Amino acid sequence: MFVAYDQLNDRLGPLATTPPDELGIVLVEAPAKARRRPYHRQKLALVLTNLRHFALEQAARGVAVRHVVADGDYASALAPIARELGPLIAMEPAERELRQDLAPLVANGALELVRHDGWLTTPEEFRAWTGAPPWRMDAFYRGARKARDILIERGQPVGGRWSHDVDNRQPWKGSPVAPIAPRFAPDEITDEVCALIERTMADHPGALDPGALPATAADAAALWRHAQDACLPSFGPYEDAMSTRSGTLFHTQISALVNLHRLLPREVIADALALPDLPLASREGFVRQVLGWREFVRHVHRETDGFRALPGQTPTRDADPSILGADRPLPPAFWGARSNLACLDRVVAQVWATGYSHHITRLMVLSNIAQLLDVSPRALTDWFWVAYTDAYDWVVEPNVLGMGTFAAGDVMTTKPYVAGAAYTARMSDYCKGCAFDPKRTCPLTRMYWAYLARHHDALAETGRMVMPLASLRKRSAAERAADAEVFASVSAALAAGEPLA
Ligand SMILES: Cc1cc2nc3c(=O)[nH]c(=O)nc-3n(C[C@H](O)[C@H](O)[C@H](O)COP(=O)(O)OP(=O)(O)OC[C@H]3O[C@@H](n4cnc5c(N)ncnc54)[C@H](O)[C@@H]3O)c2cc1C
Ligand code: SF4
């Protein structure tokens, strides 16, 4: 059996159902895949050290393991093994890129794909629960909750509401104390992996921090234990908060391990449901992320061939949609050049230091500012793809193209997520250390109005934009001219890599 780099769990698929002494697995390291994009070095180390530890863990339980370092792609690494041993099986890869890579082997019978046992819902269920596009997460999530009988009482949602989002919008003022994730003592395998990456991927960006790498199944369990004990109790209320005092707050930081299947979605949901005394807002909030959003974006990616075949739009070869015509390059500030926008500089620094930032910083700082600058959605997607340790095509493309930039219109969200300084000032303490004042001088507010003005016609049919567009129309001509001027000068300075004055 071929086990892909993101299927590293023996409680999954054929690995779970075949006795270890009857099982042989092939694991492939493909340096060419690592070089395909300038991936953050922490991500490369995370994937590689987990793959190598998984090989040893499987060998230790009696599975025959063949660990291959490929010269080229996955198909050319597996073809000779299939010729030698006979046809292989594999769980269908989550990643479109890997499915494409393996397609010739599937076509010639050298590889048989079986269902990926890690997903919690099927494409048929997605279609039944959401109907025709545009697709809505709420409808999908209600369907999934009912079908799996999760937080349901007598056919109704526990607590009387499907979503407790409205209770989950509190800023964080420093209390309760934000937890700090556990560190992991690197063993000789992690050390070897880090040395390999330092040596062979020296041109890749991002800091390598071996002590922040959960590498074994036990490390993954320890991180998840920490998340249950220290993060989940306050997860819900502070889900949307941002802070200079904690870049992680009460977020679990499990996404990279869930996407590698070191942690299983069904198990983290079951564990969260079993936690005694977990407030409903946190319990439901966490279930919505994993059963709702995570599954939903995967289905949208599948239905749209990774945003290349969108309903009602002309297919694009490279998933480069932008209904708003946004086509500017990503400014150097995303690669670490100082912008003087404290929110942007802080989150970018965190990402290059760790390969992580939480959801609201991804959406309301990075994606928001990129949208206000009319950055090409594809350019932003590619940046997220290389910068985050949890990024793979099936999850990064819908999140950035669908949610973060409205590139495909209302296909999966009801409006673009754009805001001026008021949102950041309310939900974070970033503004306190900023060169700008959120009420008077922050350029993001004028850029927000300039965005609405530029895209007025394209957004006029978007229901949830009616109010903001009505407010825009009340702005005087002088205000609108000043908005456009700020957009032009900020865009020019950031494009040149200059800090804003
Ligand atoms: C612009 C943008 C880009 C993103 N890119 C990625 C990405 O490349 N990879 C990725 O895994 N997530 C991505 N997300 C979704 C989400 O931000 C991350 O899953 C989350 O921040 C991971 O941190 P966490 O484990 O602490 O999550 P928590 O806040 O603790 O949430 C728990 C879990 O819910 C799941 N989850 C929550 N929201 C989503 C979502 N929208 N899509 C998929 N899973 C979700 C994750 O498995 C996560 O670990 C993106 C979101 C945005 C807005
Ligand atoms: S004042 Fe504006 S640029 Fe500065 S941190 Fe606040 S929102 Fe960001």
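In the predicted model, helix α12 (residues 280-303) packs against helix α16 (residues 393-404) at an angle of about 90 degrees, and their axes lie 8 Å apart. An angle of 65 to 115 degrees counts as roughly perpendicular, and α12 and α16 are therefore roughly perpendicular to each other. On the α12 side, the contact is formed by V297, R298, V300 and H301; α16 contributes W394, V395, E397, P398, N399 and G402. By class, the residues of this contact comprise 5 nonpolar, 3 polar and 2 charged.

Residues W449, L452 and A453 of α18 meet P468, L469 and L472 of α20. The contact of α18 with α20 consists of 6 nonpolar residues, with no polar and no charged residues.

The surroundings of ligand 2 were examined next. Ligand 2 is surrounded by 13 residues, of which C343, T424, C431, C434 and C442 are the closest. Two elements, α13 (342-354) and α17 (421-427), each give two or more residues to this shell. The largest share, 3 residues, is supplied by α17. In terms of residue class, the shell around ligand 2 contains 12 nonpolar residues and 1 polar residue, and no charged residue is present in it.

At the level of domains, the protein is divided into domain 1 (13-114), domain 2 (123-303) and domain 3 (332-495). By these bounds, helix α12, residues 280-303, falls within domain 2, which spans 123-303, whereas helix α16, residues 393-404, belongs to domain 3, which spans 332-495. The centres of domain 1 and domain 3, taken over C-alpha atoms, are separated by 38 Å. Between these two domains, 11 residues of domain 1 are in contact with 9 residues of domain 3. On the side of domain 1 that touches domain 3, the elements giving two or more residues are α3 (41-60) and α5 (96-107). Helix α3 provides the largest share of that side, 3 residues. The side of domain 1 that touches domain 3 is made up of 4 nonpolar, 2 polar and 5 charged residues.

Conventions
Residues numbered from 1 in each chain as written. Chains lettered and ligands numbered in written order. Predicted model: local features only at pLDDT ≥ 70, side-chain atom pairs only at ≥ 80, totals over all residues. Near = placed C-beta within 6 Å. Helix = DSSP H or I, 4+ residues; strand = E, 2+ residues; numbered from the N terminus. Nonpolar A, V, L, I, M, F, W, Y, C, P; charged D, E, K, R; others polar. Axes fitted to C-alpha atoms, helices over the stretch in contact; angles between N-to-C directions. Parallel < 35°, antiparallel > 145°, perpendicular 65-115°, else oblique. Contact = placed C-beta atoms within 7 Å. Domains from an automatic or database assignment.
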